[in-house]
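Please keep the 3D view open and follow the points in order.

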Amino acid sequence: MDELVAVYDVHGNPVGEAPRTRVYAEGLWHASSGVLLRSLDGTRIYVHRRAPDKAIFGGMHDCLAGGVVDPGETPEMTARRELREELGVTDVELTPLAQVSWDGTWNGAPLRCHLHAFEARYDGPIHHQPSEITDGWWWTEQELRRHLQDPGWPFVPDTRALLTDDLGG
């Protein structure tokens, strides 16, 4: 069964819902939320590789544990759900980091998303959801920035757009 996704207008307001396949096929505006996981001392950022069979950005690297906003969810609710599902992290404080609207393409189709980013501090165990994440590691901000400067490095484009200016901290 096709999962329902909250549909948004160009300004970031929820306006309804649609099946995920339709959202992706027609390039409907939707929202996603993600959490940048930073070590408690703030010196490291958790980076991971998405599972290769993910419908969007499969096999690419990311530093946000996240996903699409479901109907009836707030971006913060989505961020908490995705952090728990993808990395097994719960009971952390979320701080809003930034929001970016990304209008791009994926596999030749339009992809339009309002990305809501949060930050959390954490040093505990990480437990990947195998269907979502294949590998992960901690990098310093400088290591991440160095990789982000390489346009050939397979990194999810909406997070890259978000991090172009600010990694929080």
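1. A term to start with: a residue is called buried under 20% relative accessible area, exposed over 50%, and partly exposed in between, using a 1.4 Å probe and protein chains only. At 30% relative accessibility, Arg44 therefore counts as partly exposed. The model is predicted, so local features need pLDDT of at least 70 and side-chain atom pairs count only at pLDDT 80 or more, while totals for chains, interfaces and linings use all residues. Residues are numbered from 1 along each chain as its sequence is written, and side-chain values use heavy atoms, with hydrogens and water left out.

2. Let us stay with Arg44 for its contacts. Arg44 forms a salt bridge with Asp123, and the closest N and O atoms are 3.4 Å apart; a salt bridge here is a side-chain nitrogen of Lys or Arg within 4 Å of a carboxyl oxygen of Asp or Glu. This pair links distant parts of the chain: Arg44 is in strand E4, and Asp123 is in the loop between strand E8 (109-121) and strand E9 (133-140), 79 residues apart. Helices (H or I, at least four residues) and strands (E, at least two) are DSSP runs, numbered from the N terminus. Asp123 is partly exposed, with a relative accessible area of 42%. Arg44 also lies over the face of Trp138, 4.7 Å from the ring centre; for this, NZ of Lys or CZ of Arg must be within 6 Å of the ring centre and within 35 degrees of the ring normal.

3. How many salt bridges does the structure hold? There are 14 salt bridges. One of them joins Arg22 to Glu26, with the closest N and O atoms 3.1 Å apart. Both residues lie in helix H1 (residues 20-26), four residues apart, about one turn of the helix. Arg22 is partly exposed at 40% relative accessibility, and Glu26 is partly exposed at 43%.

4. Now for a pair in another setting. Glu82 and Arg81 form a salt bridge whose closest N and O atoms are 2.7 Å apart, and both residues are buried. Elsewhere, salt bridges that share partners join Arg38, Glu119, Arg121, Glu141 and Arg145 into one network.

5. The aromatic rings come next. A search of the whole structure finds six aromatic pairs. Rings of Phe, Tyr and Trp (its six-membered ring) pair if their centres lie within 6.5 Å; planes under 30 degrees apart count as stacked, over 60 as edge-to-face and the rest as tilted. The rings of Phe57 and Trp106 have centres 4.8 Å apart and planes at 75°, so this pair is edge-to-face. Phe57 lies in the loop between strand E4 (44-50) and strand E5 (61-62), and Trp106 in strand E7 (residues 95-106), so the pair ties together parts that are 49 residues apart in sequence. Phe57 counts as buried, at 5% relative accessibility.

6. Which kind of pair do Trp153 and Phe155 make, stacked or edge-to-face? Their ring centres are 5.0 Å apart and their planes are at 20°, so the pair is stacked. Trp153 is buried, with a relative accessible area of 11%, and Phe155 is buried at 2%. Ile45 lies in strand E4 and is buried at 0% relative accessibility.

7. A look at the strands. Two strands pair if DSSP finds at least two bridges between them. Strand E3 (residues 30-38) and E8 run parallel, joined by nine bridges, with His30 opposite Cys113 in E8. E7 and E8 pair in the antiparallel sense over eleven bridges, and Thr105 has Pro110 in E8 as its bridge partner. The hairpin of E7 and E8 has two residues between the strands, and Asn107 there takes a positive phi near 50°.

8. Finally, the cysteines. A disulfide is a pair of cysteine sulfur atoms within 2.5 Å, and the count comes to zero disulfides. The sulfur of Cys63 is 15 Å from the closest cysteine sulfur, in Cys113, too far for a bond. Cys63 is buried at 1% relative accessibility, and Cys113 is buried at 4%.
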